[in-house]
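Please look over the model shown below before reading the briefing, which goes from overall composition to packing, aromatic rings and charged pairs.

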Amino acid sequence: MMKKQILTVVLSTATLFAVTGCAQRTYYAPPPPQHFAPPLAQEASNNGFRMGMDAGHRDAYNGFGYHPKRDRAFHDTPGYDPRLGPYGPYQNAFRGAYLQGYENGFYHR
């Protein structure tokens, strides 16, 4: 009878150790990456919108067609300051704001 009790204790202990590693763990996802810092986006948006508004107004005044992507400022994305962050996000924010500003300037909104 003693061997049966020892065998039961050994099997119970082995089962306990085997199951302990199967506990469910909570997974916390990392925060989403920040593509650019807010000052970079703000600077790019301000520069792009202002320059787009000027270019759109100028093209409408001179009787040119609606061609926002032909302007040099759209391609060169001026006003970038490397101290604010990477160029790619600045360029994207600038161009998006430029298109909005151009439309507003061209249609006098």
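The briefing below starts with the conventions and the chain as a whole and then turns to individual residues.

This is a predicted model, in which local features need pLDDT of at least 70 and side-chain atom pairs count only at pLDDT 80 or more, while totals for chains, interfaces and linings use all residues. Residues are numbered from 1 along each chain as its sequence is written, and side-chain values use heavy atoms, with hydrogens and water left out. The chain has 4 helices and 0 strands, where helices (H or I, at least four residues) and strands (E, at least two) are DSSP runs numbered from the N terminus.

**Chain as a whole**

- Of the 109 residues, 24% count as buried, a class defined as under 20% relative accessible area, with exposed meaning over 50% and partly exposed the range in between (1.4 Å probe, protein chains only).
- The accessible surface comes to about 8300 Å², and 61% of this area belongs to carbon and sulfur atoms; the areas come from the Shrake-Rupley method with a 1.4 Å probe, and for residues only the protein chains shown count as cover.
- Among contacts (heavy atoms within 4.5 Å) between residues at least 6 apart in sequence, 74% join residues at least 24 apart.

**Nonpolar core**

- The largest nonpolar core has 11 residues, among them Leu-40, Ala-55, Phe-74 and Tyr-98; such a core is a set of buried Ala, Val, Leu, Ile, Met, Phe, Trp, Tyr and Cys residues joined through side-chain atoms within 4.5 Å.
- Helices H2 (38-61), H3 (72-76) and H4 (87-106) each supply at least two residues of this core, and the largest share, 6 residues, comes from H4.
- Leaving aside its neighbours within four places in sequence, Tyr-98 is in contact with residues including Phe-49, Met-51, Pro-68, Asp-71 and Phe-74.

**Aromatic rings**

- The structure holds 11 aromatic pairs, a pair being rings of Phe, Tyr and Trp (its six-membered ring) with centres within 6.5 Å, counted as stacked for planes under 30 degrees apart, edge-to-face for over 60 and tilted for the rest.
- The ring centres of Tyr-66 and Tyr-102 are 5.2 Å apart with the planes at 75 degrees, so this pair is edge-to-face, and it links the loop between H2 and H3, where Tyr-66 lies, to helix H4, where Tyr-102 lies, 36 residues apart.
- Tyr-66 is partly exposed at a relative accessible area of 32%, whereas Tyr-102 is buried at 0%.
- Tyr-66 also forms an edge-to-face pair with Phe-106, at 5.2 Å centre to centre and 80 degrees between the planes, and because Phe-106 lies in helix H4 and Tyr-66 in the loop between H2 and H3, this pair ties together parts that are 40 residues apart in sequence.
- Arg-95 lies over the face of Phe-74 at 5.0 Å from the ring centre, the criterion being NZ of Lys or CZ of Arg within 6 Å of the ring centre and within 35 degrees of the ring normal.

**Salt bridges**

- There are 5 salt bridges in the structure, each defined as a side-chain nitrogen of Lys or Arg within 4 Å of a carboxyl oxygen of Asp or Glu.
- Arg-58 and Asp-71 meet in a salt bridge at 3.0 Å, N to O, which joins helix H2, holding Arg-58, to the loop between H2 and H3, holding Asp-71, 13 residues apart in sequence.
- Arg-58 is partly exposed at 39% relative accessibility, while Asp-71 is buried at 18%.
- Asp-81 and Arg-83 form a salt bridge with the closest N and O atoms 2.9 Å apart; Asp-81 is partly exposed at 22% and Arg-83 exposed at 74%.
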